[in-house]
Amino acid sequence: MPAMIKNRKEASPEAIEAEWQQRVNLAACYRLIAHYGWDDLVDTHVSARVPGPDHHFLINPYGLMFDEITASSLVKVDLEGNQLSQSEYSINPAGFTIHSAIHEVREDAGCVIHLHTPDGTAVASSVEGLLPLNQTAQLVTHDLAYHDYEGIALDHDERPRLQRDIGKKNHMLLRNHGTLTVGRSVALAFVRMFHLERACTMHVRTRMLGPTAYPVEKSVIDKNSDLLSNERRSETRANELIWPPLLRKLDRLDPSYKT
């Protein structure tokens with residue numbers, strides 16, 4: 001555990017350990033995004049709230065590739081954009097606008113992921129958006145919000161509209177821009193993004209086959225929506241079944257994310 005965390009006299013040992021574990025999980029998320037080819041040079045961003053009463057969150061240092069990010073390199077900021085940890089890097093100003101907006105109003109926003117993948121952006125740029133054409137899409141569409149494009153997100157005046165549009169949803173298509181997910185844990189936000197991105201890829205491929213998709217009965221869509229709205233089930237699946245083997249995968253590839 002780096003000195004920059006251990007030497008914070010105002011923090012209890014429990015708070016220090018909780019922040020460090022959040023740093024490790026967030027660094028793992030950045031590495032996994034790079035592994036799956038979802039990164040966009042040094043752009044796009046993932047944030048995680050620091051456990052505790054303050055709305056402080058961790059975000060990537062602007063200038064590192066996602067496969068370079070480590071637990072200790074993550075930058076801690078408050079809702080005003082003040083950097084609370086030492087770093088030779090600043091943070092992405094557009095990333096701050098988007099992430100601070102959600103962390104400000106969503107107590108359950110333990111992690112927020114935003115990407116610019118080709119398929120995710122393609123579906124976000126289409127008039128129809130993401131339709132429940134298949135089982136994977138139906139993991140998402142019952143919980144999907146949309147936000148209209150207002151240009152590169154440098155204007156803090158956009159934050160109230162982001163907050164209004166996401167509401168209590170956990171998946172969002174940023175029109176003409178990309179994808180976004182929210183989760184109580186890093187694991188849950190990542191699993192949601194995995195499903196959202198895969199659903200977008202399946203949507204693009206289905207539309208490439210022609211104008212007609214095989215129909216799904218509305219009763220089946222509603223049945224899946226009821227089943228998949230169980231938040232506790234989603235958290236257990238992400239935290240206990242999916243995240244541990246993903247961390248083992250990273251440990252085999254390159255365990256330096258934990259440093």
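This is a predicted model: local features need pLDDT of at least 70, side-chain atom pairs count only at pLDDT 80 or more; totals for chains, interfaces and linings use all residues.
Strand 1 and strand 4 run antiparallel and are joined by four bridges. On its other pairing, strand 1 is joined to strand 2 by two bridges, again in an antiparallel arrangement. Within that pairing, R49 stands opposite F57 of strand 2. Strand 1 is mostly covered, with five of its five residues buried. The side chains of H45, S47 and R49 point one way, V46 and A48 point the other way, and all of these residues are buried.

These pairings belong to an open sheet of seven strands, in which the order is 3-2-1-4-7-6-5 and the pairing is mixed. Strand 3 (75-77) and strand 5 (144-147) each have a single partner strand and stand at the edges, so one side of each is left without a neighbour in the sheet. From one strand to the next, the twist averages 20 degrees. Strands of a sheet pair through backbone hydrogen bonds, and the pairing is either parallel or antiparallel.

Both arrangements occur around strand 6. Strand 5 and strand 6 run parallel and are joined by four bridges, with Y146 standing opposite L173 of strand 6. Strand 6 (residues 171-174) and strand 7 (residues 178-183) run antiparallel, and four bridges join them as well. There, L174 has G178 of strand 7 as its bridge partner. Strand 6 is covered on both faces: H171 and L173 are buried on one side, and M172 and L174 are buried on the other.

Helix 6 (residues 159-166) lies across strand 5, strand 6 and strand 7, and runs at about 155 degrees to strand 5. Helix 7 lies across strand 1, strand 4, strand 5, strand 6 and strand 7, and its angle to strand 7 is about 150 degrees. H195 is found in helix 7. At 15% relative accessibility, H195 falls under the 20% limit and therefore counts as buried. Apart from residues up to four places away in sequence, H195 touches T136, L139, V140 and R237.

Another histidine, H55, is found in the loop between strand 1 and strand 2. Leaving aside residues up to four places away in sequence, H55 touches R49, V77, D78, L79, H103, E104 and E107. Of these, V77 is 22 residues from H55 along the chain, and the C-alpha atoms of the two are separated by 8.9 Å. The side chain of H55 reaches the backbone oxygen of H103 at 2.9 Å. A polar contact of 3.1 Å also links the side chains of H55 and E107.

Helix 9 covers residues 231-253. At 1.5 Å a residue, its 23 residues should span 33 Å, and the end C-alpha atoms are 31 Å apart, which agrees. The helix bends by about 40 degrees at W243, and a proline, P244, follows within four residues. At the N-terminal end, N230 caps helix 9, with a side-chain oxygen 3.2 Å from the backbone nitrogen of R232. The buried residues in helix 9 are S234, A238, W243, L246, L247 and L250. What covers them includes helix 2 (13-35), helix 7 (186-208) and helix 8 (218-228).

Terms used. Residues are numbered from 1 along each chain as its sequence is written. Side-chain values use heavy atoms; hydrogens and water are left out. The expected span of a helix is 1.5 Å times one less than its number of residues. The bend at a residue is the angle between axes fitted to the seven residues ending there and the seven starting there. Buried means under 20% relative accessible area, exposed over 50%, partly exposed in between (1.4 Å probe, protein chains only). Contact means heavy atoms within 4.5 Å. A polar contact is a pair of N or O atoms within 3.5 Å; within protein, one must be able to donate a hydrogen and the other to accept it, and residues adjacent in sequence count only if both atoms are side-chain atoms. Two strands pair if DSSP finds at least two bridges between them. Axes are lines fitted to C-alpha atoms, for helices over the stretch in contact, and angles run from 0 to 180 degrees between N-to-C directions.
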